[in-house]
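Biologist: I am new to this structure. Please take a close look at one part of it for me, and then show me how the rest is built around that part.

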Amino acid sequence: MMKKFRRMQETWLSKFILILTAVSFMSLFGVSGYMGSVGKNRPVIKVDNYEVLQSDISQRLDQQMQLARGLFGDNLEINDNIRNAMLQGIVQKALSDTIIRRTADDLNVSISDNLVRQIVYSQAEFLNADGKFDIQKLRRVLTANGWTEKRYIDSLKLDVIKQHLVQNPANHINVPKVLADFAAKAEKQKRTFKYVKIAPEKMVIDRKMSQDEVEQYYDDFNAEFIAPEERDVSFLILSTDDIAAQIQPSDEDIEAYYQENIAQFETPETRKVMQMVFDSQEAADKAAAEVKAGKDFYAVAKDMAQQDKAATDLGYVSQDMLIADMSEAVFDAKTGAVIGPVRSEMGWHIMKVADIKAGSKTDMAHAKAKIAATLKKDKAYDAAYEISANIEDKIGAGASLNDIAKEMNVTVYDVKGLTEDGKAKTTPKAHASLLKSNEFIDTAFSYNVDEVSQVVESDDGFLVLKVNKIAEAHPKEIAEVKGDIEALWEVNERNAIAQEIVNDVMHDLETGDSIDSIAARNKLQLHKTGALTRSQNFEGISPSVMLELFQEASGTPKLINNDGVQIIAVATDSTKQDAVTAEEAEAAAKRVRMDLTADYASQLIEDFGSDYDVRVKYRLLGLAD
């Protein structure tokens, strides 16, 4: 599972987006922030019985898109590639975090409230000018990021657990001095290169293809000139919506769903709450006495807690948004009541209920239509296989595709000239992507004329297909493919000319000629780089090729295939290396250690995950292949 995500990150676009994802989820401690899920509640990631909900992933994706637009402007076009790269990073992080949580519980790792308090109080970002913890600064950060105190603390605890389970073991990697010195010397080395480029597409062909060559190519490459097998097929798709339309939930089912999910139909009571927080109970008691004596809450908060109005006013909150230590007391109080001091991980709290907004409830009669639609959708998945079996029974009894479509009230679509690469002469636009899927192609090419397939599950729903006509594969006439033959010959001819030049240049270089004279003799443009380190490159060649160039002796020719263009390069000289300083060696050691640490941490998480049942629902995430 983790290896699949690792492969997803190989493109430069994915790497960039994953960096963006990591930045956006970092709190001041490197904590992954998250919001509670609402609406959709289907799990998309499971590690044993630990779940991540679809709505949580969607919410994180929305946050990433907003961050991207904030960084790059509203004109940033977030296309499918960028969106999928963001989503891959989010899913990878959510999966890693879930594995860490499961591992922590498995190993009985827990974080004390006292440790959390010490960490929060020690952060420079939360200290005032006197070096003391400032609750106002903390609240500003939480407000800016849309976090509640409870979720922030939960995130911080996870970060500390990561520190113990992953980062600490991974950080204990030693880089010997000899390796650090070698790495620093290698990084400082500079070389200058001369090179020529031989591009086949620029080669000039000074003759025309003969008829004998046309016929010879036709014989030699006959596999290139075969008209593929084509099939005309008809098919129908049963989507979950189609199946749901045939399901009528009973009144009993609707009532049971309503009672079991009553929270979906209730708007909770909210209260406008003011709060001030103190480090000690003594200071909190004094402030509480002032407020209860009739002094203005905001004035007391400003004078005694050094809080401005924005930090003191929590706004309208529901009970689950408050820390458990005080939520019941606040929601049991009347308007105007002062609560506290109450102690939590953050200190001693004094709270006042300024206003109360009553909750509301949608009665079952008004919720009935919505519940019925939900139950239809849910039951459609359960009913799909039963319906599929029923359809297969009808097929076995001789029912036609049109008979089945009529009974199911769905459309029969026709496809003409379908080939095994998913191309067709005519296709229904609504299901163009389906025709390229393995399920559709395998089904279309697994049956004979007039046969109706079994029910096949696809990304679009449940597929039933009938083969109407088969045109067997056959060789095309030579006149029909003459243009293709000539195009193939031209490509081969240019490649042959280019290869002959490459062979001559390499031979002359290996026998002692200079690249300058060879370039002039063959009318090739000679290029020369500046002094480059191995972390730099020229002509966009890969880091691994640059490393190979630095390992070659001066004057040794190196042949590089760079996207079809042949580059022949020689190192002409190396700059004199200065001695490696202690600072440079330490910097090189840090870079080597970071690379090794990242690999080790990734492997640790992968090893943790191998102990559990890890599942990711790619289709629900929109990442299905």
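Modeller: Start with a term. Two strands pair if DSSP finds at least two bridges between them. In general, strands of a sheet pair through backbone hydrogen bonds, in a parallel or an antiparallel way. Keep in mind that this is a predicted model.

Now the part itself. It is an open sheet of 4 strands, in the order β8-β7-β10-β9. The pairing is antiparallel. Which strands stand at the edges? They are β8 (313–318) and β9 (338–344). Each has a single partner strand, so one side of each is left without a neighbour in the sheet. From one strand to the next, the twist averages 35°.

Look at β7 and β10. Strand β7 covers residues 270–278, and strand β10 covers residues 347–357. They run antiparallel, and 9 bridges join them.

The side chains of Arg 271 and Glu 269 meet in a salt bridge, with N to O at 2.5 Å. Are the two partners buried or partly exposed? Buried means under 20% relative accessible area. Arg 271 has 5% relative accessibility, so Arg 271 counts as buried. Glu 269 has 29%, so Glu 269 is partly exposed. Elsewhere, salt bridges that share partners join Lys 93, Asp 97 and Lys 162 into one network.

How many salt bridges does a search of the whole structure find? It finds 22. Glu 51 and Lys 46 meet through their side chains at 3.7 Å, N to O. Glu 51 is partly exposed at 44% relative accessible area, and Lys 46 is partly exposed at 27%. Asp 48 forms a salt bridge with Arg 102, and their closest N and O atoms are 3.0 Å apart. This pair links distant parts of the chain, 54 residues apart. Asp 48 sits in the loop between β1 (43–47) and β2 (50–53). Arg 102 belongs to helix α4, residues 80–106. Asp 48 is partly exposed at 26%. Arg 102, at 17% relative accessibility, counts as buried.

Compare the opening sheet with another. Here too, 4 strands form an open sheet, in the order β12-β5-β14-β13, and the pairing is antiparallel. The edge strands are β12 (413–418) and β13 (456–458), and each pairs on one side only. The twist averages 40° from one strand to the next. Strand β13 runs antiparallel to β14 (residues 461–471), with 3 bridges joining them. Val 456 has Leu 463 in β14 as its bridge partner. This sheet has a helix across it as well. Helix α17 (residues 401–408) lies across β5 (230–238) and β14. Helix α17 runs at about 20° to β5.

Next, a loop. Pro 249 lies between α10 (240–245) and α11 (251–260). Its relative accessibility is 13%, so Pro 249 counts as buried. What does Pro 249 touch, leaving out residues up to four places away in sequence? The answer is Ile 254, Ala 372, Leu 375 and Lys 376. Ile 371 is 122 residues from Pro 249 along the chain, yet their C-alpha atoms are separated by 9.1 Å.

On the surface, Val 178, Leu 179 and Phe 182 form a nonpolar patch. Together they have about 320 Å² of accessible area. Leu 179 is found in helix α8, residues 177–188. Leu 179 is partly exposed, with a relative accessible area of 37%.

Finally, step back to the whole chain. The protein chain has 23 helices and 19 strands. Of its 625 residues, 41% are buried. Among contacts with a separation of 6 or more, 72% are between residues 24 or more positions apart. The accessible surface comes to about 34,500 Å², and 48% of that belongs to carbon and sulfur atoms.

Methods. Residues numbered from 1 in each chain as written. Predicted model: local features only at pLDDT ≥ 70, side-chain atom pairs only at ≥ 80, totals over all residues. Heavy atoms only, no water. Patch = residues over 30% accessible without salt bridge, like charges linked within 9 Å, V, L, I, M, F, W, Y side chains within 5 Å. Areas by Shrake-Rupley, 256 points an atom, 1.4 Å probe, with all protein chains shown as cover. Salt bridge = Lys/Arg side-chain N within 4 Å of Asp/Glu carboxyl O. Helix = DSSP H or I, 4+ residues; strand = E, 2+ residues; numbered from the N terminus. Buried < 20%, exposed > 50% of the residue type's maximum accessible area, 1.4 Å probe, protein only. Axes fitted to C-alpha atoms, helices over the stretch in contact; angles between N-to-C directions. Contact = heavy atoms within 4.5 Å.
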